[in-house]
Amino acid sequence: MTDASNGAPRVDLTTRVRTYGSLVAFSHTVFALPFAASAVVLSLAVPHRPLDVARGAALLGCMVCARTSAMAFNRWADRDVDARNPRTRGRHVPAGIVAAGEALALAVGAGILAPGVLVILLGYSYAKRFTWGAHAWLGLALSLAPGGAWIAMGARPGLGIVLLMVAVLTWLLGFDVLYSLQDEEFDRGEGLKSIPARFGGKRALTISATAHAVTVAALAGCGLALGRGVAFAVGVVTAASLLVYEHSLVRRRGLAAIDKAFFDVNAWVSVAFFGLVALDAWLG
């Protein structure tokens, strides 16, 4: 499409928005958003501030902006590494679809609504350069979503929300370890830190499974601490079953199953858990 006045290419705003959405993998918001929504629902059973449209919109806006800032900054910070990795060289910045300056500007702009957590969110982008605990760092970043939602609702911090945050942290840690199996040799060769590069694929699978066992235990503990009912318990069992399925996929099919295990199964974990948390609150 061109500008008729001078023949120069005209930017299609809709296309650009879609490009930026793809840059930050906006669809992956499905991982964090349902757990933040679960925290909001759970907070309604304890002393809290009223949940009105304005508060709900502010919660959603801050979470989306924080995640957008983190993802855009990660794509900017990793642009050189991504360009050298055959698996990631087609990403937006190394492929030239989005300029590096644009990605950084998006990170700064989106971060305006979430300055308090940017040290953790943006710091993750460099964690892999000095610690194989980067998976846990990313898990901590994601766990801020339900924790922040709980506090924003005016609910008093306690064991229940802490255990929900632990569940999210270890859930993310576990499936990020599985995802990073794809880059085990590349990371080792580049001197980048990850659990597969440090301990090898077989031990990484064990570490991931252990993390997910903690996830299930923490979700169950959250339900007990907050006095939840049968539907919540079904949510815990459903999450556990999906995680078992995820690990069986990777162990049976290897790296070929990573994309399905990473996105499809984990999206169902968060969405199904939220649905059953909401049902539990309605039944209660």
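This is a predicted model: local features need pLDDT of at least 70, side-chain atom pairs count only at pLDDT 80 or more; totals for chains, interfaces and linings use all residues.
1. Packing of α3 and α5. Helix α3, which covers residues 53-77, packs with helix α5, residues 100-111, at an angle of about 155 degrees, and the axes of the two helices are 8 Å apart. Because angles over 145 degrees count as roughly antiparallel, that angle makes α3 roughly antiparallel to α5. The crossing of the two helices is left-handed.

2. Residues in the α3 and α5 contact. On the α3 side the contact involves Cys65, Thr68, Ser69, Ala72, Phe73 and Trp76, and these meet Ala100, Ala103, Leu104, Leu106, Ala107, Ala110 and Gly111 of α5.

3. The whole structure holds 8 aromatic pairs, and one of them joins phenylalanine 73 to tyrosine 126 in an edge-to-face arrangement, with 5.9 Å centre to centre and 65 degrees between the planes. Phenylalanine 73 belongs to helix α3 and tyrosine 126 to helix α6 (residues 118-127), so the pair ties together parts that lie 53 residues apart in sequence. Phenylalanine 73, which is also one of the α3 residues that meet α5, counts as buried at 12% relative accessibility, whereas tyrosine 126 is partly exposed, with a relative accessible area of 34%.

4. The pair of Trp132 and Phe199. Tryptophan 132 and phenylalanine 199 form an edge-to-face aromatic pair, in which the centres are 4.9 Å apart and the planes make an angle of 85 degrees. This pair links distant parts of the chain, 67 residues apart, since tryptophan 132 sits in the loop between α6 and α7 (134-152) and phenylalanine 199 in helix α10 (residues 195-199). Tryptophan 132 is partly exposed, with a relative accessible area of 38%, and phenylalanine 199 also counts as partly exposed, at 24% relative accessibility.

5. An aromatic cluster. Ring pairs link Phe35, Trp171, Phe175, Phe232 and Phe273 into a cluster. One of its members, Phe232, returns in the next point as a contact of aspartate 280.

6. Where does aspartate 280 lie, and is the residue buried or exposed? Aspartate 280 is found in helix α13, residues 258-283, and is buried, because its relative accessible area of 5% falls under the 20% limit. Once its neighbours within four places in sequence are left aside, aspartate 280 is in contact with Arg228, Gly229, Val230, Ala231 and Phe232.

Methods. Residues are numbered from 1 along each chain as its sequence is written. Side-chain values use heavy atoms; hydrogens and water are left out. Axes are lines fitted to C-alpha atoms, for helices over the stretch in contact, and angles run from 0 to 180 degrees between N-to-C directions. Helices (H or I, at least four residues) and strands (E, at least two) are DSSP runs, numbered from the N terminus. Angles under 35 degrees count as roughly parallel, over 145 as roughly antiparallel, 65 to 115 as roughly perpendicular and the rest as oblique. A crossing is left-handed if the near helix is turned anticlockwise from the far one by less than a right angle, and right-handed if clockwise. Contact means heavy atoms within 4.5 Å. Buried means under 20% relative accessible area, exposed over 50%, partly exposed in between (1.4 Å probe, protein chains only). Rings of Phe, Tyr and Trp (its six-membered ring) pair if their centres lie within 6.5 Å; planes under 30 degrees apart count as stacked, over 60 as edge-to-face and the rest as tilted.
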